[in-house]
Amino acid sequence: MSGTEGAPVAPILAANRISKSFGEIPVLFSIDFDVLPGEVHAIIGENGAGKSTLMKILSGFEQPTSGTITYDGKTVTLPPYGEAEAMGIVLIHQELNLAEHLKVVDSIFLGREIARAGIMNKRLMLEKAKALLNTLHVGIDPNARIDTLTVADKQMVEIAKAISRDARVLIMDEPTAVLSLAETQTLFEQIRRLTARGVAIIFISHKLDEVMHLANRVTVLRDGQLIATVDASALTPDTAAQMMVGRELSNLYPPKHEPDVDAPVVLSVRHLEARGIHDISFDLRQGEILGFAGLVGSGRTAVAEAIVGLTQGVAGELVVNGRPVHFGNVAQSLAGGLAYLTKDRKGKGLLVNMGLRPNLTLLTLNRHLRGVFVDTASESRALERAVRRFDIRARDASVRVGQLSGGNQQKLMLGKTMESEPEIIIMDEPTRGIDVGTKQQIYHIIAALAAEGKSIILISSELQEVIGLSHRVMVMRFGRIVGELEGAAINEEQIVRHQMGIEGKAAA
Amino acid sequence: MTTTAGEAAPQIRRQRLRLGALGPIIALVLLMVLGTLLNGNFLSFGNLANIVARSSFIGLIAIGATFVITSGGLDLSVGSMAAFIAGMMIIIINGAVPGLGAGWSVVALGILAGLAIGALGGAANGLLVTIGRIEPFIVTLGSLGIFRALITFLANGGTLNLNMAANETYSPLYSGKIFDIPVPIIIFAVVAIVAEIVLRRTTFGRHIAAIGSNEQVARYSAIKVDLVRLMTYVLQGLLVGAAAVLYVPKFGSANSSTAVLWELQAIAAVIIGGTTLRGGFGRIWGTVIGVIILELIGNILNLQSLISPYLNQAFQGAIIIIAVLLQRSRRTAN
């Protein structure tokens, strides 16, 4: 691979002072970025740093608000909807875009079938697919159906598809997130083969060790700003983590009231095992806010759903208020005083086609009965109380929940959960996709609940949130708890190091 | 300023809502006007009572279908299940007559058997959908075939006839009148009122709508999704049984062409009535109007000579498609 600095190679694709706003919310600020032929250029940054947006702009899926894109030395406007593929810029999405029922060969040629008068030349396509897969040195049967392949093989098919389109720039969004170590090695071999042929690779990853192993250069983004573009050889895990984090705590968060040292343990989890999680053990004390940090997919939601009985096949011990319990469904966990607030507001939390009232009381309809009938007047009173308590703002009570803003939906969901008067509340991404003002309100509600003696598990991918609210933090990685942080140890660097798996390897 | 805006918005919405709710009623009125133009006696009490009484079989089934469809399910087997139950009832009554005579006890036995078989048939559909995790479309398409074959088999390709003496005891249940109102209309009305209350005022009804609106949300909200689903199919089966209970005294026989395409009529009535095909919202009174609309269309086709009454089911088929199209355009407009 050629050197990157001072080499007389011109960038194949470059972003010049790119800015992007969604509505009034800016997400990228004047980013300069380029990638050379035959180079691997990695982008790292926290969730929400702007990595995905930058990728989408570089592949035409989003248009920049200002700034220009240069491709092959010329200033261009990239066509939308993946049409930039025809120009040689291919984005491989994190959730792979393959039709599960098609064969490998059909997937590779999808939309560009070799045909004469509408009749496909199957034999030629098969030969070409075989040749293509051979050049990649992967033993995938071109006649296999996509849904019989492993995730790694599917990724190889995506790569083969990209090559068959003569990709000159290949953009990969967290390609290794779902791969095993061995599969990752195979992927890296492919990437090296591609770069040897002059293909430029842009690579997003949360795994710093891989980035340093594979990339020539690394660009660090934080809060939509370009922090630095450095040679990978000049980077250590520590400097990378420092660059990715390092903001100041704002006054978004209410002051922390540590629970009493002798506060009783209300929830004790021992050796919890379920699909995707292993040997989860922790205690939650009364009045405590216990943060759960980790990357997306590290198993935090799986832990919550295993505890409240949403998952089948759960092993391990659960002790609530000193009594061993097992919850087979949500009704049982609610009866046990434990409620779970899903992160998927619209998909799992609220009936978006219905009004506020039926949504609020859905969990607790049995408390609004007169005889066998639902007492709507009692429901309306509950709604009035919830609207006041959680400051839910709706134009009027008849609007459908889908028409509310994300923040008001979240507050309604909180109200719905609190209707069941739980003692232990597991909140999964309680501020995802809502504005900062409402976030602050929710932070204060969470702190107030804890001060009242409720015990809270806070799952969040926003480190600031975990740090600003939690009395104690568990960090998860690959379905396991890899660290427990308390007091001053609750800081971004510590959490990032744990969730990246570098703690212990490169301790400062 | 804010107050005026706040007042204006709900007013507009309320109007639109009322228009949507009024749709079936307007169609009903238009059909009545059309019927009167064709025949001066159309609006006579006798003719209307006759129409409603005839619609009571489909009506009972459509009420059950409203529950199933509101929960996001579908039951295509109702027609052949009704034929099968009618056949079973005739066999059971005929078999019991030699031992127990042709009195009300035998008829009651037949009625109970009909309701029980209906509930069991519904439970079979429901269990395959919930425990078996099979699409309701496939489950009930399969049971549609099974029930239809069973009635043909039971009748040995011909017709099962109810014992004459038992028929005499039984027939007042269809032809009788209380305060001048035909018995089937009373049964239909009572079932409709109870069903409307169940759907609107009980936790069961609320849970049905929640599951139809979003099954995941229901599951995360501590609702026993499978049990509620199962119960909608049991209820549907029970009401199919009730329809058969009214059918047997009217016709006194059952064969392989009994109740053919009743599923089309029942589902069409539900959709015309404003229940959303994808689930989440249902209204029984709408279904009742939908059933009567379909019966009126059939009646009007018989009154005129321009369009062949043989095309009746083509109208039903077209109506169901148009009604769903209208539902969809309303959704996209929102």
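The domain bounds used on this tour come from an automatic or database domain assignment. With that in hand, select chain A: it splits into domain 1 (13–244) and domain 2 (265–500). Keep in mind as you click around that this is a predicted model.

**Stop 1**

Colour the two domains of chain A separately. Their C-alpha centres sit 35 Å apart. Where they meet, nine residues of domain 1 of chain A are in contact with nine residues of domain 2 of chain A. Which helix gives the largest share of the domain 1 side? Pick helix H7 (residues 237–244) of chain A, which supplies three residues. Sorted by class, that domain 1 side holds four nonpolar, three polar and two charged residues.

**Stop 2**

Now select residues 51–58 of chain A, which form helix H1. Eight of its eight residues are buried, so the rest of the structure largely encloses this helix. Click along and you'll pass A:Lys51, A:Ser52, A:Thr53, A:Leu54, A:Met55, A:Lys56, A:Ile57 and A:Leu58, which are buried. Just past the end of H1(A), stop at A:Gly60, where phi is positive at about 90°.

Next, jump to helix H8 (residues 300–307) of chain A. How many of its residues are buried? Eight of the eight are, and H8(A) is mostly covered. Among these buried residues are A:Arg300 and A:Glu305, along with A:Ala302, A:Val303 and A:Ile307. After H8(A) comes A:Gly309, with a positive phi near 85°.

**Stop 1**

Why does A:Asp223 count as partly exposed? It has 15 C-beta neighbours inside 10 Å, and partly exposed residues are those between the 12 or fewer of an exposed residue and the 20 or more of a buried one.

**Stop 2: chain B as a whole**

Along the principal axes, the C-alpha atoms of chain B fill a box of roughly 80 × 55 × 35 Å. Buried residues account for 47% of the 334 residues in chain B. Among contacts in chain B with a separation of 6 or more, 80% link residues 24 or more positions apart.

**Stop 3: where chain B touches chain A**

Bring chain A back. Here 17 residues of chain B are in contact with 22 residues of chain A. On the chain B side, the elements that give two or more residues are helix H1 (2–38), helix H10 (203–213) and helix H11 (215–220) of chain B. By class, that side has six nonpolar, eight polar and three charged residues.

**Stop 4: the largest nonpolar core**

Last, select A:Leu458, B:Ile61, B:Ala82 and B:Ala243. Of the 234 residues in the largest nonpolar core, these touch the most other members. Helix H12 (residues 225–251) of chain B gives the core its largest share, 15 residues. Domain 1 and domain 2 of chain A each give this core at least three residues. Finish by zooming in on B:Ala243: neighbours within four places in sequence aside, it is in contact with B:Phe57, B:Leu60, B:Ile61 and B:Ala82.

Technical notes:
Residues numbered from 1 in each chain as written. Chains lettered and ligands numbered in written order. Predicted model: local features only at pLDDT ≥ 70, side-chain atom pairs only at ≥ 80, totals over all residues. Contact = placed C-beta atoms within 7 Å. Helix = DSSP H or I, 4+ residues; strand = E, 2+ residues; numbered from the N terminus. Nonpolar A, V, L, I, M, F, W, Y, C, P; charged D, E, K, R; others polar. Core = buried A, V, L, I, M, F, W, Y, C linked by C-beta atoms within 7 Å.
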